[in-house]
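I opened the file to look up helix packing and nonpolar cores. My entries follow in the order I made them.

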Amino acid sequence: MGTVAEQFIEVLRQAGVERVYGVVGDSLNPVVDAIRTTKGIEWVHVHNEEAGAFAAAAEAQVTGRLAVCAGSCGPGNTHLIQGLYDAHRSGAPVLALASHIPSAQIGTGFFQETHPERLFVECSGFCEMISTAGQMPRVLRTAVQHALGHSGVAVVVLPGDVAGLPTEHDTGTHDFLTRQGTVQPPADQVAELATALNGAEKVMLFCGAGARGAHAEVMSLAAQTLAPVGHALRGKEWIQYDNPYDVGMSGLLGYGACYEAMNEADLVVLLGTDFPYDDFLPGRRTVQIDHDPARLGRRTPLELAVHGDVRETLRAVLPQVARKSDRRYLDKMLSRHVKALDTVVNAYTRNIEHHTPIHPEYVANIVDELAADDAVFTVDTGMCNVWAARYLTPNGRRRVLGSFRHGSMANALPHAIGAQSADPERQVVSLSGDGGLGMLLGELLTVRMHGLPVKIVVFNNSALGMVKLEMLVDGLPDFGTDLPPVDYAAIAAAIGLGSVRVEKPAHVRAALTTAFATPGPYLVDVVTDSDVLSMPPRITARQVKGFALGAGRTVLTGGVGRMIDMARANLRNIPRP
């Protein structure tokens with residue numbers, strides 16, 4: 001008979017877990033020792049538990065399997081909370097082990113005492129404490145199934161002394177549910193959807209992450225209804241590629257004609273999106289399709305709510321949809337999309353060999369061009385989100401991960417650690433802002449320690465660019481947003497990472513080519529222009545006035561990169577009379 005800690009790790013192995021991210025110590029030691037003696041699972045030492053939670057979130061999103069992080073009692077597990085919020089809001093199946101103080105001391109104000117069973121409730125779908133050996137393995141299996149079944153975070157709180165107790169029950173075997181069924185929409189809702197689509201002259205489709213796996217069906221519906229197709233940021237990787245109806249993205253980071261297409265449509269169909277910015281939605285003439293009924297209508301009033309998986313719903317409705325023949329609305333939006341992209345092409349192509357500091361858009365475009373066709377990009381919150389949204393070209397194989405729902409800084413490098421740990425042979429590129437990298441700078445040591453071949457591209461503008469933009473549009477002078485210049489390439493070199501600092505645009509391509517060709521980890525520190533900011537596709541009069549008061553910045557209103565080539569190709573494909 002083994003210990004509860006050993007049984008805990010055995011259950012994780014049965015669930016297919018291959019690694020646990022965390023920092024060893026104190027109440028966690030019995031569990032770490034159980035990992036040491038168990039084949040098929042490893043301990044991945046990170047330098048902050050927050051990074052461990054981010055890494056687990058990325059691994060879960062890349063693999064679709066359960067990923068695990070752990071923190072010792074008190075500060076060890078409270079560090080997890082930022083990454084767990086990100087994982088839960090991103091729908092990543094993550095199990096967090098929050099180790100606890102000795103059970104006899106709970107409630108006495110003991111050293112490092114917190115109440116993790118209360119603390120993690122808001123950022124998880126399951127949070128329970130194992131107080132006796134008799135609760136194992138049942139409670140842990142329940143937690144695992146919650147994480148897998150609801151695609152979110154489950155937290156198990158385990159006092160260190162309980163982890164060391166002998167088990168009371170055999171572990172046995174268990175088949176965890178990892179493949180879920182799809183939600184078939186009710187027939188009457190499908191009929192109502194068909195009626196709405198057939199009755200509208202101008203249909204627009206807006207896709208989120210829930211459109212994953214439904215690319216062919218979305219394109220078929222767009223062809224039938226001659227509908228422009230836009231996307232939210234999390235829908236970009238699943239819907240933008242091979243899309244002759246693409247009109248770009250809406251939201252604060254949006255570009256192209258998506259916002260216009262949505263607001264000129266007679267009917268907007270929201271496909272698998274929980275898009276949070278209701279100011280960018282028309283607020284009327286809207287249909288929503290989602291497998292989660294709790295999301296239906298919580299962002300905007302609906303004419304019709306359809307409960308169903310996006311792919312299955314579109315397959316059901318397509319035979320009932322009449323083919324439209326009037327292309328004027330679609331062609332108008334495709335033309336506007338090209339125009340919106342064309343207006344900013346010169347922002348990073350004119351005189352690039354001489355413009356310093358370097359245009360960040362130019363760097364992002366070269367990254368997109370040189371990166372592998374199946375690369376995983378991890379993206380820091382802030383301006384790196386903008387460059388990723390506007391310059392990374394999806395193809396159905398690439399992944400783009402970020403803290404897109406929680407909006408936490410410093411996520412890119414820890415996300416890259418998780419993605420690379422899950423698949424050491426796949427190219428993983430961290431697009432890091434200098435603000436984000438500096439916040440969890442110790443994770444460079446994690447990359448070095450484990451020999452992870454992550455490629456880290458630092459957009460080093462010595463500023464918190466997105467915060468600066470927020471201040472300007474509010475009419476405030478930017479204050480507290482400028483950072484002292486830091487040579488991150490020198491820091492990387494000092495800890496044994498390959499690195500290069502780039503200050504001239506003519507050197508960008510060669511530096512990135514070298515980085516991507518280097519077998520091990522590599523950091524490219526690019527000194528970029530802090531005055532290059534981005535504006536959303538819709539801005540209020542108050543914001544315009546505010547931005548004018550904080551004038552003197554270069555404003556981009558669209559995205560370019562290889563997307564402009566796709567947009568022009570789509571325009572050329574418009575049938576001519």
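I took buried to mean under 20% relative accessible area. The model is predicted, and I kept that in mind throughout.

Entry, helix H5. I looked up which residues of H5, residues 81-90, are buried, and found Gly-83, Leu-84, Tyr-85, Asp-86, Ala-87 and Ser-90. I then asked what these buried residues pack against. After H5 comes Gly-91, and I read its phi as positive, near 75°.

Entry, H3 and H18. I looked up the geometry of this pair and noted an angle of about 50°, with the axes 7 Å apart. I recorded the crossing as right-handed. On the H3 side I listed Ala-51, Phe-54, Ala-55, Ala-57, Ala-58, Glu-59, Val-62 and Thr-63; they meet Pro-414, His-415, Ile-417, Gly-418, Ala-419 and Ala-422 in H18. I sorted the residues of this contact into 10 nonpolar, 3 polar and 1 charged.

Entry, cores. The largest nonpolar core has 51 residues, and I noted Leu-197, Met-204, Leu-205, Val-218, Val-269 and Leu-271 as touching the most other members. For Val-269, leaving aside neighbours within four places in sequence, I found contacts with Leu-197, Val-203, Met-204, Leu-205, Phe-206, Val-287 and Ile-289. I also noted a second, separate core of 45 residues, which includes Tyr-85, Val-155, Ala-416 and Ile-456.

Notes: Residues are numbered from 1 along each chain as its sequence is written. This is a predicted model: local features need pLDDT of at least 70, side-chain atom pairs count only at pLDDT 80 or more; totals for chains, interfaces and linings use all residues. Side-chain values use heavy atoms; hydrogens and water are left out. Buried means under 20% relative accessible area, exposed over 50%, partly exposed in between (1.4 Å probe, protein chains only). Helices (H or I, at least four residues) and strands (E, at least two) are DSSP runs, numbered from the N terminus. Contact means heavy atoms within 4.5 Å. A nonpolar core is a set of buried Ala, Val, Leu, Ile, Met, Phe, Trp, Tyr and Cys residues joined through side-chain atoms within 4.5 Å. Axes are lines fitted to C-alpha atoms, for helices over the stretch in contact, and angles run from 0 to 180 degrees between N-to-C directions. A crossing is left-handed if the near helix is turned anticlockwise from the far one by less than a right angle, and right-handed if clockwise. Ala, Val, Leu, Ile, Met, Phe, Trp, Tyr, Cys and Pro count as nonpolar, Asp, Glu, Lys and Arg as charged, and the others, Gly among them, as polar.
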